[in-house]
Amino acid sequence: MTQKEQLNSNIPHHIAIIMDGNGRWAKKKGLLRAIGHENGAKGVQEAVEACTEIGVKYLTLYAFSTENWNRPKREVDALMKLLVNSLKKEVASLQKNNIKLNAIGNLDALPEKVKNELLYVIDQTKDNTQITVTLALSYGSREELIKTVKDISIKVKNNLISPHLINETVISEHLYTKNLPDVDLLIRTSGEQRISNFLLWQIAYAELYFTKILWPDFRKTDLFEAVLNYQQRERRFGKTSEQLS
Ligand code: IPE
Ligand code: IPE
Ligand code: MG
C-alpha cells in the first residue's frame, strides 16, 4: 500500500509549513543560495498538489519572515524577484486547479511590484473553492500580535468594544488569519526544531512534525508521511484519553 492509501478519513483541515533549508540545499551542491530558493518552488508545487489530492482545505506556507528582511540585500532582492515571477507563472494553474490564493503579513512592507502582483492573483482566484493556499510574506507572529493589540485598543478608545468582552474570538478576528481556522498540523523541514515567529497564537493546539528533508527536496510522499504521522496521534486538547472515547 502506498502512504496515500494508508491515510484514513481524519485529514487535517489546516496544514502550515515552515519551508526551510533552501540555502543549505544550494550549499551542498556548490550553488548560490538564490538557486536554492528557485528550486524551493518545486516543494511548493508538490505540497499544494498533495494537499489537494487528499482534501486538505487550508495550506499556509511561511515564505518570508519579518526577520528575513535582515538578510543580505542581494538575497532579499532575489527572493522578491522570484516571488513576482512565480506569481506571474502560476496564476493560470491556480485557476485551472480551483486554488484560492491568500496572503498574511505586513504586505505594505513588500516592494510595490510584489504587492501589486500578489493582490492581482488574490483577486483573480478569489472565487476558487478547492483549497485556500495562504502565503505568509513579511510575516511575524509578534508583529501580528502588536498590530492586533493596537487595532483593538483603538476600538476600545472609540467605545466600539468594551474591554471585559475581549475574548479569544475577538483576538482571532483581529489577526491576519481571521478567515482561517486554527492550524491542525505544522510541518518544518530542514531538521530545525523551532517555530521562528510563525503563527504563535494559531498553533496553540497544532501537532508539530519535523523532518530533515531540505525544502527543495520535499515531495508529495513527504507530506503524506507527515499526515500519516499526524493520524497516529491523540489530540486531547487538555482532556483525558478516557474522555475522548
Ligand atoms: C528557507 O530557506 C527560505 C527562506 C527563509 C526565505 P533558508 O534560506 O532559510 O535556507 P537555510 O535555512 O539557510 O538552509
Ligand atoms: C523561517 O526560516 C522563515 C521561513 C521559512 C520563511 P528561517 O531560516 O528564517 O528561520 P531561522 O532563522 O533559522 O530560525
Ligand atoms: Mg533557514
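Helices here are DSSP runs of at least four residues, numbered from the N terminus. The model is a predicted one, and I will go through its two ligand sites in turn.

Ligand 1 to begin with. Two helices, α2 at 22-28 and α3 at 33-54, each put at least two residues into its shell. Which of the elements gives the most to that shell? That is α2, with three residues. The residues around ligand 1 are M19, D20, G21, N22, G23, R24, R33, H37, A63, N68, R71 and L79. Sorted by class, that shell has three nonpolar, five polar and four charged residues.

Now the polar contacts of ligand 1. A polar atom in the side chain of R71 sits 2.7 Å from an oxygen atom of ligand 1. For D20, again a polar side-chain atom, the distance to a ligand 1 oxygen is 2.8 Å. G23 uses its backbone: an N or O atom there is 2.9 Å from an oxygen of ligand 1. As for cover, ligand 1 on its own has 380 Å² of accessible area, and the protein covers 87% of it. The space that ligand 1 takes is the largest pocket.

On to ligand 2. Its surroundings are I18, M19, D20, Y62, A63, F64, N68, R71, R188, R194 and S196. Where does the largest share of this shell come from? It comes from strand β2, residues 58-65, which supplies three residues. The class count is five nonpolar, two polar and four charged residues.

An N or O atom in the R194 side chain lies 2.8 Å from an oxygen of ligand 2. For the N68 side chain, the distance to a ligand 2 oxygen is 2.9 Å. The D20 side chain has an N or O atom 3.2 Å from an oxygen of ligand 2. The protein covers 77% of the 390 Å² of accessible area that ligand 2 has on its own. The space taken by ligand 2 is also the largest pocket.

One last point, on D20.

Definitions and conventions:
Residues numbered from 1 in each chain as written. Chains lettered and ligands numbered in written order. Predicted model: local features only at pLDDT ≥ 70, side-chain atom pairs only at ≥ 80, totals over all residues. Heavy atoms only, no water. Near = heavy atom within 4 Å. Polar contact = N/O pair within 3.5 Å; in protein donor to acceptor, adjacent residues only side chain to side chain. Areas by Shrake-Rupley, 256 points an atom, 1.4 Å probe, with all protein chains shown as cover. 1 Å grid on protein atoms, 1.4 Å probe; cavity = no way out; pocket = protein on both sides within 12 Å on 5 of 7 lines; lining within 4 Å. Sits in = over half its atoms within 2 Å of the grid points. Nonpolar A, V, L, I, M, F, W, Y, C, P; charged D, E, K, R; others polar.
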